[in-house]
Amino acid sequence: MENENKDNTIQEYDFDIIEMIKAGWERIDGVKAQFVSALAIYIIIAVIVQVLLSLVFPQGTQLEPNYLNQQIVGILSYPVLMPLMAGIIMMAINYGRGEEIDFKSIFNYYHLTGKLALAGILIYIMTLLGFILLIIPAIYLSVAYAFTLPLIVDKNMDVWEAMEHSRKTVTKRWFKVAGLMGLLSIILFLSAIPLGVGLIWTVPLMFVTLYGLAYPVMFDGEEA
């Protein structure tokens, strides 16, 4: 959903990490299949794109990997994959707003391919520079830019505008946002250990919690 009347005010917000995850857990009933299907489509397309691009830019062997080609393949995949990821994120945001969702909606954002791909490239470059300088700036930026894609789609922001709005908003409660993302990542990782069965619950939990619940609190002014 695009918002022509952009409000770039950095809002005050707060939330409890555990309560946010509990709320996310309560909200995933009835939509697990939608999010798992959407992510499965994303993974299948990502594998196909990676394989095709690897024919042109060989990845090397496990003993002698071609790191340059690996980075080139990753960047060239952005025009295909960034709109899909934005689609999954928007599913969560729309669901959080009480709208009906359909996993096929992940294909709805290819009209924004240029913006979304450029955002992915700039985030990659900024994070890479953070790693070159020190690991801490890279960690900061990887969390701070987490909401760039939905801001481009949902708030109709330009790329750099969305990156900065995400960064400034997250910075107000960086440790809480990082804590939420970190705990969700741990839950996701642990759920994948028993043959990945737990991902049926934790993939929807991650998207619904981070984007369906936290995003409105941070960017729409809703209460946690």
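Predicted model: local features only at pLDDT ≥ 70, side-chain atom pairs only at ≥ 80, totals over all residues.
**Notebook: nonpolar patch, core and rings**

Started with Ile-200, which counts as partly exposed because its relative accessibility is 39%, between the 20% and 50% cut-offs.

I looked up where Ile-200 sits, and it is in helix α10, residues 199–220. Next I checked the surface around this residue.

Then I went inside. The largest nonpolar core has 65 residues. Phe-35, Leu-116, Phe-147, Val-177, Leu-180, Phe-207 and Tyr-211 have the most contacts within that core. Which helix gives the core its largest share? I found it to be α4, residues 78–96, with 13 residues.

Leaving out residues up to four places away in sequence, Phe-207 touches Phe-35, Met-85, Ile-88, Ile-89, Ala-92 and Gly-212.

My search of the whole structure turned up nine aromatic pairs. For Trp-174 and Phe-175, the ring centres are 5.1 Å apart and the planes stand at 90°, so I logged the pair as edge-to-face; the cut-off for that is over 60 degrees. Are these two residues buried or exposed? Trp-174 counts as buried because its relative accessibility is 16%, whereas Phe-175 is exposed at 70%.

I also noted a cluster linked by ring pairs: Phe-35, Phe-147, Phe-207, Tyr-211, Tyr-215 and Phe-219. Phe-35, Phe-147, Phe-207 and Tyr-211 are also on my list of residues with the most contacts inside the core.

Definitions and conventions
Residues numbered from 1 in each chain as written. Heavy atoms only, no water. Core = buried A, V, L, I, M, F, W, Y, C linked by side-chain atoms within 4.5 Å. Buried < 20%, exposed > 50% of the residue type's maximum accessible area, 1.4 Å probe, protein only. Helix = DSSP H or I, 4+ residues; strand = E, 2+ residues; numbered from the N terminus. Contact = heavy atoms within 4.5 Å. Phe/Tyr/Trp six-rings, centres within 6.5 Å; stacked < 30°, edge-to-face > 60°.
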